[in-house]
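Open the model in a viewer and keep the selection panel at hand. The stops below say what to select next and what is there.

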Amino acid sequence: MNTIYRIYGFYRDGFRDMTVGKTLWLVILIKLFIMFAILKLFFFPSVMSRFDTPEQKSGYMLEQLGERWTEAEITHRQR
């Protein structure tokens, strides 16, 4: 348990003493937010919302994965 406190103290002191690093971490967090939250809303439709039950959702996923698997297998065999 003492090791966990030492590791926590190491990172706490490191982040506390940073000057430029805090700004860089802020930029990184803003970019991650844009990538995962904003882009998902505009470019990735919610395909699963059209299904009512978990069985329908899992059936759709199995169908999609099966199609991709067979396409990849056919492409691989042709080489």
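Select residues 20-43 to begin. This is helix α2, whose 24 residues reach 33 Å from the first C-alpha to the last, close to the 34 Å expected at 1.5 Å a residue. The expected span is 1.5 Å times one less than the number of residues. Helices here are DSSP runs of H or I with at least four residues, strands are runs of E with at least two, and both are numbered from the N terminus. Now centre the view on I34, where α2 has a kink of about 30 degrees. The bend at a residue is the angle between axes fitted to the seven residues ending there and the seven starting there.

**The whole chain**

This is a predicted model, in which local features need pLDDT of at least 70 and side-chain atom pairs count only at pLDDT 80 or more, while totals for chains, interfaces and linings use all residues. Residues are numbered from 1 along each chain as its sequence is written, and side-chain values use heavy atoms, with hydrogens and water left out.

Zoom out and colour by secondary structure: the protein has three helices and zero strands, in the order α-α-α from the N terminus. Then colour by pLDDT, the predictor's confidence in each residue from 0 to 100. The mean for the protein is 83, and 85% of its residues reach 70 or more. Confidence is highest in α1, at a mean of 89, and lowest in helix α3 (residues 54-78), at 76.

The accessible area is about 7,800 Å², with 67% of it belonging to carbon and sulfur atoms; areas come from the Shrake-Rupley method with a 1.4 Å probe. Of the 79 residues, 6% are buried. Buried means under 20% relative accessible area, exposed over 50%, and partly exposed in between.

Select residues 2-17. Helix α1 has 16 residues, which should span 22 Å at 1.5 Å a residue, and its end C-alpha atoms are 23 Å apart, in agreement. The helix is hardly covered, with one buried residue among the 16.

A salt bridge is a side-chain nitrogen of Lys or Arg within 4 Å of a carboxyl oxygen of Asp or Glu, and the count comes to two. D13 pairs with R12, the closest N and O atoms being 3.5 Å apart. D13 also pairs with R16, again with 3.5 Å between the closest N and O atoms. D13 and R16 both lie in α1, three residues apart, about one turn of the helix. Through shared partners, the salt bridges join R12, D13 and R16 into one network. R12 is partly exposed at 36% relative accessible area, and D13 is partly exposed at 33%.

**Aromatic pairs**

Which rings should be displayed next? The structure holds three aromatic pairs, including that of F10 and Y11, which is edge-to-face at 5.4 Å centre to centre with 80 degrees between the planes. Rings of Phe, Tyr and Trp (its six-membered ring) pair if their centres lie within 6.5 Å; planes under 30 degrees apart count as stacked, over 60 as edge-to-face and the rest as tilted. F10 is exposed at 59% relative accessible area, whereas Y11 is partly exposed at 49%.

Finish at F51 and Y60, a tilted pair with 5.0 Å between centres and 40 degrees between planes. Y60 is buried, at 18% relative accessibility.

Note on methods: Buried means under 20% relative accessible area, exposed over 50%, partly exposed in between (1.4 Å probe, protein chains only).
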